Amino acid sequence: MKNFWEKYKVVIIVIVLLAAFVGLSFLLETDSGNNTMSSTDSVSEWVNDSLKEEYTIAVIAQTACPFCEMYQPVVESVESQYEDLNVYWFHTDELSNADYSTLSGTYDISDTFSGTPYTMLTYHGVLIDYISGYVEESELIQFLVDNGVINE
């Protein structure tokens with residue numbers, strides 16, 4: 001038995017390390033996949049909702065954007081005050097290429113999109129208005145009032 005161990009110990013150690021590496025990489029890949037899904041809404045669901053006869057708000061953001069980080073609690077606060085709002089939040093850097101193409105190509109925003117955060121308001125398949133950049137809560141509420149989304 002000692003002769004067997006001496007002969008194959010390097011092979012056994014390599015196999016054990018390889019199995020541990022494969023198992024660990026599988027766990028890390030599964031975990032990061034779950035985080036992506038929880039922080040980005042479904043693009044196809046947004047497209048379907050934006051075609052309905054109701055207002056839909058989509059915020060295009062990036063995870064490393066400091067203005068997007070400051071804007072998220074503003075949007076969440078407004079959303080909690082007006083429960084009927086239909087809000088979608090998208091981190092472009094977490095979308096697949098196909099979802100990014102759908103998001104950026106569904107409504108022609110090429111002339112108005114200058115960076116993140118970018119808030120677009122749609123109704124029945126039409127881009128009604130947009131906000132380019134960070135705004136305070138009062139400005140976001142005024143935007144929604146001006147466009148008939150909420151009554152103040």
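Author: Start with a cluster: ring pairs link Trp46, Tyr88, Phe90 and Tyr107. Keep in mind that the model is predicted. The count of aromatic pairs comes to 8.

The ring centres of Trp46 and Phe90 are 5.9 Å apart, and their planes stand at 75°. Planes over 60 degrees apart count as edge-to-face, so this pair is edge-to-face. Trp46 belongs to helix 2, residues 43–50. Phe90 belongs to strand 2, residues 87–91. The pair therefore ties together parts that are 44 residues apart in sequence.

Now a second pair. The rings of Tyr118 and Tyr130 have centres 5.7 Å apart. Their planes meet at 15°, so the pair is stacked. The cut-off for stacked is under 30 degrees. Tyr118 sits in strand 3 and Tyr130 in strand 4, so this pair ties together parts 12 residues apart in sequence. Tyr118 is buried, at a relative accessible area of 0%. Tyr130 is partly exposed, at 34%.

Strand 3 covers residues 118–123, and strand 4 covers residues 126–132. They pair in the antiparallel sense over 6 bridges. Together the strands form a hairpin with 2 residues between them. In the turn, His124 has a positive phi of about 50°.

Next comes helix 5, which packs against these strands through its buried residues. Helix 5 runs over residues 137–146, and its Leu140, Ile141, Phe143 and Leu144 are buried. These four cover an arc of only 155° around the axis, which puts them on the same side of helix 5. On the other side, Ser138 and Asp146 are exposed. What do the buried residues of helix 5 pack against? Their partners are strand 1 (55–61), helix 3 (66–81), strand 3 and strand 4. After helix 5 comes Gly148, with a positive phi near 75°.

To recap, Trp46 and Phe90 tie helix 2 to strand 2. Tyr118 and Tyr130 tie strand 3 to strand 4. The buried residues of helix 5 pack against both strand 3 and strand 4.

How values were computed
Residues are numbered from 1 along each chain as its sequence is written. This is a predicted model: local features need pLDDT of at least 70, side-chain atom pairs count only at pLDDT 80 or more; totals for chains, interfaces and linings use all residues. Side-chain values use heavy atoms; hydrogens and water are left out. Two strands pair if DSSP finds at least two bridges between them. Rings of Phe, Tyr and Trp (its six-membered ring) pair if their centres lie within 6.5 Å; planes under 30 degrees apart count as stacked, over 60 as edge-to-face and the rest as tilted. Buried means under 20% relative accessible area, exposed over 50%, partly exposed in between (1.4 Å probe, protein chains only). The arc is that of the directions from the helix axis to the C-beta atoms. Contact means heavy atoms within 4.5 Å.
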